[in-house]
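Open the model in your viewer and keep the selection panel at hand. This tour goes stop by stop, naming what to select and what is found there.

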Amino acid sequence: MEPLSVLDDSSAGQMATAMVERRYFGDGPGVYADAISQALENTGLLTDEIETPHSEHDFRDFLRGLAAELDERRPWPGSAT
């Protein structure tokens with residue numbers, strides 16, 4: 001999967017779909033939803049943890065949007081949640 005050049009709602013939706021369909025993200029959406037939640041609770045700089053050209057603010061906004069997109073797709077196939 002190519003790195004995202006634009007962090008917008010469309011990108012969040014496409015990534016959420018890929019997670020639910022387990023394309024590029026084989027562990028399933030629950031694992032990633034939990035990781036996103038933990039990342040957003042972290043008060044440190046997330047952009048120090050991963051290489052990204054995006055600002056901390058834009059990256060956190062994208063993660064919030066991605067979390068919302070994943071929630072909208074519940075229940076996930078093959079998942080009890």
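This is a predicted model: local features need pLDDT of at least 70, side-chain atom pairs count only at pLDDT 80 or more; totals for chains, interfaces and linings use all residues.

Residues are numbered from 1 along each chain as its sequence is written, and side-chain values use heavy atoms, with hydrogens and water left out.

**Stop 1: the loop between α1 and α2**

Select Arg22. It lies in the loop between α1 and α2 (29-41). Helices here are DSSP runs (H or I, at least four residues), as are strands (E, at least two), and they are numbered from the N terminus. Arg22 is partly exposed, at a relative accessible area of 40%. Check its backbone: phi is positive, about 60°, although Arg22 is not a glycine.

Now select Tyr24, in the loop between α1 and α2. Its phi is near 70°, again a positive value in a residue other than glycine. Tyr24 is exposed, with a relative accessible area of 58%.

**Stop 2: the aromatic pair**

Show the rings of Phe25 and Tyr32. The structure holds one aromatic pair. Their centres are 5.4 Å apart and their planes stand at 75°, so the pair is edge-to-face. The cut-offs: rings of Phe, Tyr and Trp (its six-membered ring) pair if their centres lie within 6.5 Å; planes under 30 degrees apart count as stacked, over 60 as edge-to-face and the rest as tilted. Phe25 is buried, at 13% relative accessible area.

**Stop 3: α1 against α3**

Select residues 9-20 for helix α1 and 56-72 for helix α3. They pack at an angle of about 50°, with axes 8 Å apart. Axes are lines fitted to C-alpha atoms, for helices over the stretch in contact, and angles run from 0 to 180 degrees between N-to-C directions. The two helices are therefore oblique to each other. Angles under 35 degrees count as roughly parallel, over 145 as roughly antiparallel, 65 to 115 as roughly perpendicular and the rest as oblique.

Which residues of α1 and α3 meet? Asp9, Ser11, Ala12, Gly13, Met15, Ala16, Met19 and Val20 in α1 meet Phe62, Gly65, Leu66, Glu69 and Leu70 in α3. The contact residues divide into eight nonpolar, three polar and two charged. Ala, Val, Leu, Ile, Met, Phe, Trp, Tyr, Cys and Pro count as nonpolar, Asp, Glu, Lys and Arg as charged, and the others, Gly among them, as polar.

**Stop 4: Leu66**

Centre on Leu66 in helix α3. Is Leu66 buried or exposed? Leu66 is buried, with a relative accessible area of 2%. Leaving aside neighbours within four places in sequence, Leu66 is in contact (heavy atoms within 4.5 Å) with Ala12, Met15, Ala16, Met19 and Ile36. Ser11 is 55 residues from Leu66 in sequence, yet 8.5 Å away in space, C-alpha to C-alpha.

**Stop 5: α2 against α3**

The axes of α2 and α3 come within 10 Å and cross at roughly 145°. Pro29, Ala33, Ile36, Ala39 and Leu40 of α2 make the contact with Arg60, Leu63, Arg64, Leu66, Ala67 and Leu70 of α3.

**Stop 6: Glu72 and Pro75**

Select Glu72, in helix α3. Glu72 is exposed, with a relative accessible area of 61%. Finish at Pro75, in the segment after α3. The peptide bond from Arg74 to Pro75 is cis, with omega near -5°.

Notes. Buried means under 20% relative accessible area, exposed over 50%, partly exposed in between (1.4 Å probe, protein chains only).
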